[in-house]
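Here are my notes for you on this chain. Have a look at it first, then read the points alongside it.

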Amino acid sequence: MSAPPESDPLARERAHLAESRSALRAMREDVEALDIRDVTANWVNARVLERQIEERVKALADHADTPLFFGRVDYLPGTQEGRRFYIGRRHVHDADGDPMVVDWRAPVSQPFYRASRRDPQDVRLRRRFGYTGGELTAYEDEHLTDPAEEERTSRLLQAEIERPRVGPMRDIVATIQPEQDEIVRSGLSGTVCVQGGPGTGKTAVGLHRVAYLLYAHRERLARTGTLVVGPNRSFLRYIEQVLPALGELEVRQATVEDLVSAHVEVRGEDGADAAVVKGDARMAEVLRRALRSHVTPPAEPVVVVRGARRWRVPAYEVEEIVRELLSRDMRYGAARDALPQRIAHAVLVRMEAAGEAPDDRVQDAVARSAAVKAAVKAVWPQVDPAKLVLRLLGDAAFLAAHAEGLLTEQEQKTILWEKPPRGVRSARWSLADAVLVDEAADLVARTASLGHVVLDEAQDLSPMQYRAVGRRCSTGSATVLGDLAQGTTPWATGSWAEALRHLGKADGRVEELTAGFRVPRDVIAYASRLLPHIAPGLAEVRSVRESPGSLEVRAVPAQARDAEAAAACARYLRREGSVGLIAADGRLPALAAALAEAGVPHLAPGDETTPDVRLTLVPASLAKGLEYDYVVLDEPAAVVDAEPDARTGLRRLYVALTRAVSGLTVLHAAPLPQELAEEPAGE
C-alpha cells in the first residue's frame, strides 16, 4: 500500500496509527509465542515466568476505544537529530526496534507537556490529536518557534477537559498541564504534598506520579512496593481503572481502615469527642509509656548452671543491661530478643575470667537456658498490642498512670469505655481504636515500609492516622494530596506542615494547584463564597474552563422538594453524561422513594454507570473525590446541620457544591446557609 500524500496530513496520521496498532499486535504475539520450557530450572521458576508473561500480555493489550497516541513532537534540526516522536500511553516499536509510539513518561516526551513559546525546549511543532471512539478524526498544531503564529487555546485540549464523565475516573495523560507535570515527574527520594482545590486534578496528578515513578524506578519499587490510600471504598472503586489504563497493574489500593484492621476488626464507632482525643498525637506517648511499664527491674540474680559450675549474674548488672536497652529506644520486641544474648554475654565474661574459652555456641546455649528464659520473661514479658490498648481504654487507673501530664482528666474520661469488654474478640473496636492498636504493634515490632505511598484526601486524617500511614513509608517517600478547605472531620488537619510532621516527612515540600479544570466558572465562584468562612488563607480556584457552566439555585415548597429533586435529575438525564443527586445522609431514604415513584433508576457511589443507569444517589458524607457531569444538590442547610459544628458543615457543603463538571442545580425548602446566600463584595 502506498503512503498517503503529504497534502493529506490526517490520512498520514491515520496510517501511522494503523501501523502502530499492527506493531503492538506483533509485540503481543511475540510475547505469547515465548517458549519457557528450556529456560526454567524448576516449576517455581516456570510459574514466576508464566505470571510475568501474563502481565506483559495484559500490558500490551490494545483497546479499540483508547487512542494509542494523543500527541506528537517534532524537534528542531540539530536536536534529537530533528526527530519526530508520537506520544502515547505505552511504548510501541516496529520489527527493527525503532519507536513508533513513545511512552508519555520517557524523558523525550517531557517537552510535549512543558514546552511553550517562551521556552520551546527545542520543539519545532507540537501536534495534538482528536479522536471519536478509537478513530482519529482531527489534529491541531502549535509551531512553537514561529513568531508569526499567535498563541491560542487548544480546542482539542479544551474538548478533552470538557468531555462528559461516565463511569470510573479516567486518566489525564493527554491533558497534563506544565505545573502538574512538574509534580508528576518529581524524584522518588522526596515527599511531595499537593494542596489543590476542587477540580485542580490533584488525585489524577498523584496517580500519574505513581505511574511515572514505576516507569523511572521499576526495579526498586518492584522490590519495595507501592500503595494508594484513599478515604473509602467508593472512592477507590472510582479511581481503580486509572493505573491499569496507564499499563500499571500491580499497585495496591487501600483505606486507612484496611491498613490497621490486621490486628482487630473494626465494628464500632466513636463519638466525635472520643475520636478527637484518640486521634491526637499525644496518644503515641501514652502507648509508649504503657508498653514500657511492663519492663520491671529484676528482683533476683540470674544463675546459670553449666556442668558442675554455677555462673551468677547479680540483679544490679541485669538491671544495668535492661536500662541500657531502654535507653537505645529500640522496638520493644527487638530489645526483648536482644536481652537473652546480653545476659549470656555477661555469663561468658565470667567464664573467660575463670580461664574457660567459650565460643558463640556456648553463648547461644546460655541464652536459651531455662534460667535466662525465666529471667527475660519476668523482666521483659511479651505484650499483645490489642490487649495493651484494651487495658488502657478499660482500666481508668492504668490509663491515668500513663496519661499523666499528657491527657486531662476529662480527656481520659472521654476515651474510657463505659463497660469494658471481656476480651479482644468481644470488643467493638472503632477505627480510632484500631489505629491505636496499630501504633502499639509498631512499638513492639517495626512495621514494614514500602517504597512509595500516595495518600489522597489527606486533610481528613487525624495525627495518629498520619502516623499509621507514615510508618508504611518510613524508609520510602510519599505523595500527599488534599485540600484544607475540604476537611470534614472534627480532627481535620490545620496545616500541611503539621500533617507532614505527623507523617514523619517534615522535610516534604508543599505545592499548590490553583488552576481548575473540572468545575465550571460560575459553579466554583458560587461555592467559593464559603472559602472565607472555612479556610481563610487559601487561594480561590481559578477555573480555566471556557464554559461558564449552568448554575440554578431554586427555592421549592417543603412538601414538593423530594419530587422536585427527582424531576431535576430526570431533566439532566436527557443530556449526555453522568448525574449525581447529593444530599444529607438522613435525606437519602426519602429521595430514593421519590426517584422510585418517578421511575428514575439510580446507583450507589462506587457502582459503575451504564448507558441505562447514569444517576447516582450520593450521601454528602461520601461525595468527596467524586465527580459528575450534572449535580442536583438537595437542601444545603440539611448538609450543614448534619455535622457536629458549623465549620465542618460548611466544608461538607463546599465539597458537595464542587462535584459538578457541567451543571449544578441547588434545591432548597429551608433558607440557604447565610454564608452561601451572601454575595461577596464586588460580585
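1. **Before you start.** This is a predicted model, in which local features need pLDDT of at least 70 and side-chain atom pairs count only at pLDDT 80 or more, while totals for chains, interfaces and linings use all residues. Residues are numbered from 1 along each chain as its sequence is written, and side-chain values use heavy atoms, with hydrogens and water left out.

2. **The whole chain.** The C-alpha trace spans about 100 × 75 × 45 Å along its principal axes. Of the 683 residues, 51% are buried, where buried means under 20% relative accessible area, exposed means over 50%, and partly exposed is in between (1.4 Å probe, protein chains only). Now for contacts, meaning heavy atoms within 4.5 Å: among those between residues at least 6 apart in sequence, 73% join residues at least 24 apart.

3. **A mostly covered helix.** Take α17, residues 385-394: seven of its ten residues are buried. Those are Pro385, Ala386, Leu388, Val389, Leu390, Leu392 and Leu393. What covers them? The cover includes α11 (272-278), α12 (282-292), α18 (396-403), α19 (409-415) and α20 (431-444).

4. Two packed helices are described by the angle between their axes and the distance between the axes. For α12 and α18, the axes come within 8 Å and cross at roughly 110°. (Axes are lines fitted to C-alpha atoms, for helices over the stretch in contact, and angles run from 0 to 180 degrees between N-to-C directions.) The two helices are therefore roughly perpendicular to each other; the cut-offs are under 35 degrees for roughly parallel, over 145 for roughly antiparallel, 65 to 115 for roughly perpendicular, and oblique for the rest. On the α12 side, the contact is made by Val286, Arg289 and Ala290, and on the α18 side by Phe398, Leu399, His402 and Ala403. Sorted by class, that contact has five nonpolar, one polar and one charged residues. Here Ala, Val, Leu, Ile, Met, Phe, Trp, Tyr, Cys and Pro count as nonpolar, Asp, Glu, Lys and Arg as charged, and the others, Gly among them, as polar.

5. **Another crossing to look at.** How do α14 (residues 332-353) and α15 (residues 360-367) cross? Their axes come within 8 Å, at roughly 125°, so α14 and α15 are oblique to each other. From α14, the contact takes in Pro340, Gln341, Ala344, His345, Val347, Leu348 and Met351, and from α15 it takes in Val362, Gln363, Asp364, Val366 and Ala367. Those residues divide into eight nonpolar, three polar and one charged.

6. **Two positive phi values.** Asp329 has phi near 55°, a positive value in a residue other than glycine. Asp329 sits in the loop between α13 (315-327) and α14. Glu457 has a positive phi too, near 50°, and lies in the loop between β12 (452-455) and α21 (463-470). Which is buried and which is exposed? Asp329 is exposed, with a relative accessible area of 54%, whereas Glu457 counts as buried at 4%.

7. **A buried histidine.** His668 is found in strand β21, residues 660-668, and is buried, with a relative accessible area of 12%. The His668 side chain reaches the backbone oxygen of Ala670 at 2.9 Å. Not counting residues up to four places away in sequence, His668 touches Val553, Arg554, Ala555, Val556, Glu635 and Pro636.

8. **A buried valine.** Val469 lies in helix α21 and counts as buried at 2% relative accessibility. Leaving out residues up to four places away in sequence, Val469 touches Val256, Leu259, Val453, Leu455, Leu461 and Leu503.

Terms used. Helices (H or I, at least four residues) and strands (E, at least two) are DSSP runs, numbered from the N terminus. A polar contact is a pair of N or O atoms within 3.5 Å; within protein, one must be able to donate a hydrogen and the other to accept it, and residues adjacent in sequence count only if both atoms are side-chain atoms.
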